[in-house]
Amino acid sequence: MADINRLKVVLVEKKRTNKWLAEQLGKDPATVSKWCTNTSQPDLQTLTKIAFLLGVEVRNLINKNANIYESSEAIQ
């Protein structure tokens, strides 16, 4: 799966952990781990909460790399 979000990178930049984010959101740490590895994605409402907690704009959490659209799993 393509790296759709930059959550792992932004957490490092903000010196925060997956565990901290899970606690702030009231989510299972395994769920946050899946988001950080791009195994699954948070919904838009959760992504907005994450951006607020980390003090960044939502667009900073999304990978702008065009290659994510070239995968065989892309919607046509």
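Guide: Helix 1 (7-13), helix 2 (18-25) and helix 3 (29-36) are included in what covers the buried residues of helix 4. A helix here is a DSSP run of H or I of at least four residues, and a strand is a run of E of at least two, numbered from the N terminus. The model is predicted: local features need pLDDT of at least 70, side-chain atom pairs count only at pLDDT 80 or more, and totals for chains, interfaces and linings use all residues. Residues are numbered from 1 along each chain as its sequence is written, and side-chain values use heavy atoms, with hydrogens and water left out.

Visitor: What is stated about phi in Asn38 and Lys15?

Guide: Asn38 has a positive phi of about 60° although it is not a glycine; its place is the loop between helix 3 and helix 4. For Lys15, in the loop between helix 1 and helix 2, phi is positive and near 55°.

Visitor: How do you know that the buried residues of helix 4 lie on the same side?

Guide: In helix 4 (residues 44-54), the residues Thr46, Leu47, Ile50, Ala51 and Leu54 are buried. They cover an arc of only 145° around the axis, so they are on the same side of helix 4. The arc is that of the directions from the helix axis to the C-beta atoms. On the other side, Gln45 and Phe52 are exposed.

Visitor: What makes the contact of helix 2 with helix 4?

Guide: The two axes come within 11 Å and cross at roughly 115°. Axes are lines fitted to C-alpha atoms, for helices over the stretch in contact, with angles from 0 to 180 degrees between N-to-C directions. Trp20, Leu21, Gln24 and Leu25 of helix 2 meet Thr46, Lys49, Ile50, Leu53 and Leu54 of helix 4, contact meaning heavy atoms within 4.5 Å.

Visitor: How do the residues of that contact divide into nonpolar, polar and charged?

Guide: Six are nonpolar, two polar and one charged. Ala, Val, Leu, Ile, Met, Phe, Trp, Tyr, Cys and Pro count as nonpolar, Asp, Glu, Lys and Arg as charged, and the others, Gly among them, as polar.

Visitor: Which residue just after helix 4 takes a positive phi?

Guide: Gly55 does, with a phi of about 70°.

How values were computed: Buried means under 20% relative accessible area, exposed over 50%, partly exposed in between (1.4 Å probe, protein chains only).
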